[in-house]
Amino acid sequence: MKAWPGQLWESRSPESQGLCPDEIEDAVDYAFALGNTTGAVLIIKNGYIVREEYSSGRDAENLVTSWSVGKSVTSMMMGIALEQQYLSGLDQSLSDYLTEWRGTPKDQITIDHMMTLKTALETVDAGQLYQAADQLEFSKDRNLIGTPGQELYTYSNADVMLAGEVIAASVGLNINDYFLQNVGAIIGFESEWWVDTENHVLSYCCIDATAREFARFGLLYARDGEWNGTQVVPQDWVERSTKPALEGTYAYYWWPLIEGFGAFGLNSQIVAVYPNDDLVILRFSQYTRAGDGSIVRSGGNYHATSAPLNFDNATFLNTMTSALK
């Protein structure tokens, strides 16, 4: 029997939901081994919490951060904008919204090129982008170094920064407000999304929420975009955007998994979705919001998570999913 969480989640034992508890405990022990800096592990089966663990001094009320898990949220909002016809289609040129590109070689770049990471724009992902005061302008100003759509994909934070701007320019709201209105208010996901000094949402990363709220996002995708009778994300977008992952390819900001797909972020932030088993597996690092507590990426305000010493995403997930057997 599938459940839907209301304001609160219900919990059940792993055994009651057809899971073997020993494998789950092995995976939890692995995640929380000394030096792995795990802050939270959460397992959702059939809409119930079947295992939840936090590091010392933390609990379900503490924030975690997404890092690049946020890319998959951006993908979701692109699909909703397309469904609501703010955008005319994936073949639309980005120059319709990034108007300074009009009449330049960059006006060949389409929404689909951006969503499949084939823009052929130079990659400037690391500190250059994250330290820029105006990260949107920095992303737009990159050089075109190939032919859009014909190059092998290049993982690019700056490309996803552009995706957030395309959504904002088309719908008339920044992506955070658009998300909260069209998804968060329905599924019960309250969050803060970091911005640069010019108030541009960092759509490639940086959503702060609780692990339980990220579990709602995972459950939404495990159930084809439906939430308790409401089709929140168009089902055809869920299918289209996750199909490459199910076939073993990263595109539309989802990663492939065996019999599933996942949103992954720096330092092993994980939202893994297994639709056939109605299973969502989450792992987040211990997180510190450094600085004065604001969400403006400026000066001493920044994200702080640490790389785990001995943690492998595949080992963790394979141990967890072995509980299905």
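Over how many bridges do strand S10 and strand S11 pair, and in which sense? I looked it up: S10 (residues 269-274) and S11 (residues 279-285) pair in the antiparallel sense over five bridges. I call two strands paired if DSSP finds at least two bridges between them. Helices (H or I, at least four residues) and strands (E, at least two) are DSSP runs, numbered from the N terminus.

Notes on the source. This is a predicted model, where local features need pLDDT of at least 70, side-chain atom pairs count only at pLDDT 80 or more, and totals for chains, interfaces and linings use all residues. Residues are numbered from 1 along each chain as its sequence is written, and side-chain values use heavy atoms, with hydrogens and water left out.

The sheet. I find valine 271 opposite leucine 282 in S11. Zooming out, I get an open sheet of six strands in the order S2-S1-S11-S10-S9-S8, with antiparallel pairing. S2 (48-54) and S8 (255-257) are the edge strands, each pairing on one side only. Neighbouring strands are turned by 15° against each other on average, direction ignored. For angles, I use axes fitted as lines to C-alpha atoms, for helices over the stretch in contact, and the range is 0 to 180 degrees between N-to-C directions.

What lies across it? I see helix H8 (residues 211-222) lying across S1 (38-45), S2, S9 (260-265), S10 and S11, at about 145° to S11. Contact here means heavy atoms within 4.5 Å.

Rings next. I pair rings of Phe, Tyr and Trp (its six-membered ring) if their centres lie within 6.5 Å; planes under 30 degrees apart are stacked, over 60 edge-to-face, the rest tilted. By this rule the count is 18 aromatic pairs. Tryptophan 4 and tryptophan 227 have ring centres 5.3 Å apart and planes at 65°, so I log the pair as edge-to-face. Tryptophan 4 sits in the segment before helix H1 (21-31) and tryptophan 227 in strand S6 (residues 226-227), 223 residues apart.

I checked burial too (buried under 20% relative accessible area, exposed over 50%, partly exposed in between; 1.4 Å probe, protein chains only). Tryptophan 4 is partly exposed at 26%, while tryptophan 227 is buried at 5%. Arginine 223 lies over the face of tryptophan 4, 4.4 Å from the ring centre. My rule there is NZ of Lys or CZ of Arg within 6 Å of the ring centre and within 35 degrees of the ring normal.

Last entry: ring pairs link Phe179, Phe189, Trp193, Phe214 and Phe284 into a cluster.
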